[in-house]
Amino acid sequence: MTTTSGPEPVRIIDAHVNLGSDLAIPPEYINEQAENAYHRLAAMGQPVKRDRIHDRVHAQYQDHDADRLVKEMDAAGVAESVLIVPDFTHVADAKLTPVELAELHAGIMRRHPGRFRVLWGVDPRAGDEGVALFERCVDELGFQGMKLYPLAGYSPSDRRLYPYYEICAARGLPVLSHTGPGWQALDFTYGQPLLLDQASRDFPGVDFVMGHGAVTHVEEAMYLCGYRPNMYVDVSGFVSVLDPDGWQHHLNRVFKLGLNHKIVFGSSWPAFRLSATLAQVVGEFREGSTVFAGIKRSQRKMIMGATIDRLLTGNRQPAGQTGAQ
C-alpha cells in the first residue's frame, strides 16, 4: 500500500455565478451580449454573421436546471458555486415572476445538494412585498444572502434598503452589490463602490461584497476594503480586464496589495463561455501560476473559497438575534 503526502487541496467556491437560463436572465441582456460579440469580431475583421452569433449566445442560456453548470464545475474542480439572482424588475421584462424565480433557484439547490448557495436579488422599490419575499427566501428556501444591482436605478445606501439590511444583520447574511459598468442603457454612476460606504457604516454587522471590485474602480474598492472592516471585493469579470499585460498580471498586482483576506474568487460564469471553458479559467488560478506568483498558499486558500465560505456560514445567527449595529 502506498500513500502520498502533500498540502491539502484548495477547496474552490465560485462566489459569483449566474444561472445560464433565459428564465433568469432577461432577453435584453442576452441580445446585448450577442451584439457586443458581433461588433467586436466584425471590428477585428472576422467573417461573422449576426444571426449566427445571436443563436450561439442564446444557446448558452438554456441551462434551466444547472445540469450543464454542474458538469463544468466538476471539470474545473469547483466544489460549490454561489448563484446570484439580480432583480431586473425595473429595467427589463422577465419570463418568471419573482416568486417563480425564487422557486426555480430553490429547486436547483434541491436537485444538486451541496453544490449551490443562492443570493437573492432585491430592489428598494419593491416595498413591503419585497421585504416579505426576501425573508421567505432566507427562512424557508434556505438562500444565504442578498444581491443588489444598483445600476437598475438606486444607491446601495438607499434607506429603503435598510429593512433588508436589518434582516441580514439579524441572520448574519452577506450582501453582494454590483459595482462598475453593466448594460449600456443603464446609469453607471450607481456602480461606484463609494455609494456603499454609508450602508457599511450604518450596518457594521453586515458584510458587503463589491462585485467586480477587483476589476473596475479597483483603487476605490480596495481603499474601502482597507478601511472598512465589513467591506470585501470579488474578482468576477476578470477575463474582461483592460490591461496591456493581461488579466493574470492585473490580478497578481491586486493580490500583492496586502488585502487578500478581503478578496474572494468569482468567475461571472457563464458570461465568458464562448471565450473559454470554466476549467481553463480556473486553471489559471493554480498554485505557482502568474495569478498567484509570490502569493502564500494560506492567502490563496482564503481567496479561492475560505473567505466566502466564512461570510456565508460563519457569521450566520438564528433568526431573531440582531447583529452588531
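I take helices (H or I, at least four residues) and strands (E, at least two) as DSSP runs, numbered from the N terminus. The model I examined is predicted, so I required pLDDT of at least 70 for local features and pLDDT 80 or more for side-chain atom pairs, while totals for chains, interfaces and linings use all residues. Residues are numbered from 1 along each chain as its sequence is written, and side-chain values use heavy atoms, with hydrogens and water left out.

**Entry 1: aromatic pairs**

I paired rings of Phe, Tyr and Trp (its six-membered ring) with centres within 6.5 Å, calling planes under 30 degrees apart stacked, over 60 edge-to-face and the rest tilted. The count came to 17 aromatic pairs. Tyr223 and Tyr227 make a tilted pair, 5.7 Å centre to centre with 50 degrees between the planes. Both belong to helix α8 (residues 218-227), and because they are four residues apart there, about one helical turn separates them.

For burial I used relative accessible area: buried under 20%, exposed over 50%, partly exposed in between (1.4 Å probe, protein chains only). Tyr223 is partly exposed at 48%, and Tyr227 is exposed at 65%.

I next looked up Trp247 and Phe285, a stacked pair at 5.7 Å centre to centre and 25 degrees between the planes. This pair links distant parts of the chain, 38 residues apart: Trp247 lies in helix α9 (residues 247-255), and Phe285 in the loop between α10 (278-283) and α11 (297-314). Trp247 is buried at 12%, as is Phe285 at 2%.

**Entry 2: pockets and cavity**

I searched a 1 Å grid over the protein atoms alone; a cavity is a set of points where a 1.4 Å probe fits but cannot get out, a pocket is an open set with protein on both sides within 12 Å along at least five of seven lines, and lining residues have an atom within 4 Å of a point. The largest pocket has a volume of about 1,300 Å³. Its lining comprises 43 residues, with Tyr29, Gln33, Ser240, Ala271 and Phe272 nearest the centre. Helix α1 supplies the largest share of that lining, seven residues.

The second largest pocket has a volume of about 490 Å³. Among its 32 lining residues, Asp87, Thr89, Thr97, Pro98 and Trp120 are closest to the centre.

I found one cavity of 30 Å³ or more in the whole structure.

Key: Grid points are joined across faces, edges and corners, and a volume is the space filled by probe spheres set on the points.
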